[in-house]
Each structure stands twice: as structure tokens, then as C-alpha cells.
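Hi,

Here is the structure I promised to pass on.

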Amino acid sequence: MARERESTTWQELLSDHVDARMVGIETDEEVADRNAIVRLDPDHPGFRDQNYRARRNQIAQLAMNYKPGEKIPDAPYTIEEHRVWQTIWQALKPAHQKHACAEYLAALSRPSFEPDHIPQLREVNEKVQAISGFRLEPVAGLVQPRVFLENLADGVFLCTQYIRHHSTPLYTPEPDVVHEIVGHGVTLASERLAELNRLFGKAVKRADTAAAIDKLSRVYWFTIEFGVLREDGRVKAYGTGLLSSAGEMEEMHEAQLQPLDLDAAMRQQYDPTHYQPVLFCAESFDAMYETLREFLLAW
């Protein structure tokens with residue numbers, strides 16, 4: 001499918017794509033509320049589905065009532081929602097074997113996801129916390145980049161629990177539980193990737209201007225979200241936005257690959273609504289880890 005689209009209707013958006021943005025369009029940068037709900041856009045696949053919207057509100061309310069440190073409530077997923085997970089998993093399993101880096105594949109075996117049902121956050125935490133100390137905590141919707149990133153410093157990943165609309169199982173216009181768990185949850189079961197997430201959070205806490213936050217957010221986008229590397233002579237994904245979409249992983253081989261240059265990444269523009277035309281490629285996982293770790297420690 002073509003990478004660029006001029007129409008704004010969801011029917012013409014990418015059919016296999018995860019929009020991994022951290023923040024909605026109409027938000028106030030001064031509001032640091034981890035549970036600020038973003039209203040569904042009229043072009044959202046579920047906008048006219050009142051049952052879906054009611055389900056989203058029901059699941060969002062769980063996060064609204066949640067207090068950090070408490071037992072995480074289970075989301076009451078429906079049979080139809082579990083079927084969406086099954087469809088996505090059928091596409092992702094072979095794509096991971098073909099396109100995911102070894103570090104991710106090793107981490108993927110640790111949570112032991114079942115292909116027939118959506119895992120609850122508490123189930124993921126039981127495995128992830130024992131490995132890296134990270135804890136996934138529910139939020140009602142998209143949050144501001146600073147709020148999201150600063151929580152990483154404390155070993156907390158703010159995670160949505162709702163799943164995308166059943167009419168577009170391979171497309172979501174915002175991060176959903178599939179992207180959060182299959183992408184971020186799995187990488188947090190890697191000690192080195194979890195460490196990089198913590199260092200991002202600590203760097204953001206030291207940032208004192210909006211411009212600095214923007215630069216760090218771009219580096220996060222082109223590494224943790226959409227990073228690629230070379231492994232045995234092939235380009236492999238370690239970024240969560242890639243790893244949570246079979247289409248993104250296939251399309252990454254058509255992107256313009258640039259050497260991993262974090263100064264360049266800080267200046268690179270990106271559009272979360274399309275496949276990424278530019279990706280930064282490290283020479284190896286170790287090279288990526290050392291480069292990004294040194295950058296974040298020195299920030």
C-alpha cells in the first residue's frame with residue numbers, strides 16, 4: 001500500500017499501521033494529567049460505533065479510578081476484542097521471526113503470551129517486574145510526552161488498556177493495548193532496553209525547556225519507538241512501533257536508512273500517521289545500546 005495519503009478519512013489510512021504518538025493533537029502542554037482522555041476524532045474507525053465508545057469509556061474509567069501502587073484492575077474484554085488480538089497475533093508471529101532483533105525475540109519468550117486472549121496488565125507485570133523492575137500502570141488515554149517519559153525514570157510505563165476497533169484489526173490511530181504490551185511490555189522484559197527507558201526518563205527530568213523535551217522525544221521516537229539495527233547482515237527492528245505491526249516491519253525495508261546519529265535524530269521531522277520514510281540504523285544492538293546510553297547519561 002502506498003506510504004503517503006492525501007485523504008484524511010480512516011478508510012484510506014494505512015491498513016497495517018500503528019500510530020505510536022504519545023500525545024493527542026488538541027492538548028494543553030501545561031496540563032500534566034496522566035489520565036487526560038483524548039476525544040475520538042471523527043475519522044477514528046470507532047467514532048460512530050456507540051458500543052465501542054461505551055467500551056472505551058468503561059475501560060478508561062478503570063484507569064481514572066486507579067491509584068498508583070494499587071492492584072491493577074482487569075479490563076473486562078469481550079469475545080470480539082479477544083478476536084482482534086488473535087488476528088493481530090497471527091500476523092505478528094511470523095513477522096517477528098523474520099524482522100525482529102535477537103534481543104526482542106529473547107524478551108518475547110519471557111511473558112509467554114497466549115495467542116487466543118488479551119493479557120491483563122497484572123499478568124504482564126508478574127513477569128516484567130521480576131526481570132527489570134518495571135511496572136505497567138493503566139492510563140485512560142494519551143498523555144503528554146513529559147508525563148509519559150518522566151514516569152519511565154521511576155520504572156513506570158503508563159499503559160492504555162483499550163484495544164483498537166474490530167473493523168481495522170491491523171490499524172490503530174493511537175497506541176492501544178497491543179502496541180503497549182507487544183511493543184513496550186516485551187522490551188521492558190529486556191534488562192538493557194529497560195535501562196534505556198529509565199535513562200530517558202531521568203534525562204527528561206533534567207530537561208528544563210520545552211525545546212529540550214522536544215529533542216528528547218524525537219530521539220525516543222527514532223530509537224525506542226522506531227529504531228532498527230543490523231544483525232547478521234540484515235536490518236532488524238528493536239523499536240516498539242515497528243515490533244507491534246507486521247506492516248511496519250515489512251515496510252521498514254523500504255525506508256531511507258541513515259546511520260544512528262542522535263544529533264540528526266533530534267532534528268528529524270516525522271509523521272506518526274504514516275509509515276516512517278526515514279529510519280536511523282545502528283550497526284548492532286551493542287552499538288545502539290552504548291551510543292544511546294552514553295547520550296542519555298550525558299544529557
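Predicted model: local features only at pLDDT ≥ 70, side-chain atom pairs only at ≥ 80, totals over all residues.

Residues are numbered from 1 along each chain as its sequence is written, and side-chain values use heavy atoms, with hydrogens and water left out.

His-179 sits in helix 6, residues 177-187 (helices are DSSP runs of H or I with at least four residues, strands are runs of E with at least two, and both are numbered from the N terminus). Its relative accessibility is 0%, so His-179 counts as buried (buried is under 20% relative accessible area, exposed is over 50%, partly exposed is in between, using a 1.4 Å probe and protein chains only). The His-179 side chain also makes a polar contact of 2.9 Å with the side chain of Ser-244. By polar contact I mean a pair of N or O atoms within 3.5 Å; within protein, one must be able to donate a hydrogen and the other to accept it, and residues adjacent in sequence count only if both atoms are side-chain atoms.

Glu-81 is in helix 2, residues 79-99, and is buried too, at 8% relative accessible area. Its side chain has a polar contact with that of Arg-55, at 2.7 Å. Beyond its neighbours within four places in sequence, Glu-81 is in contact (heavy atoms within 4.5 Å) with Arg-55, Pro-76, Ile-118 and Ile-163.

Now the rings. There are 11 aromatic pairs in the structure. Rings of Phe, Tyr and Trp (its six-membered ring) pair if their centres lie within 6.5 Å; planes under 30 degrees apart are stacked, over 60 edge-to-face, and the rest tilted. Trp-85 and Phe-113 are edge-to-face, because their planes are at 90°, with the ring centres 6.1 Å apart. Trp-85 lies in helix 2 and Phe-113 in the loop between helix 3 (102-108) and helix 4 (121-132), so this pair ties together parts 28 residues apart in sequence. Trp-85 is buried at 1% relative accessible area, and Phe-113 is buried at 13%.

Ring pairs also link Trp-221, Phe-222, Phe-226, Tyr-270 and Phe-280 into a cluster.
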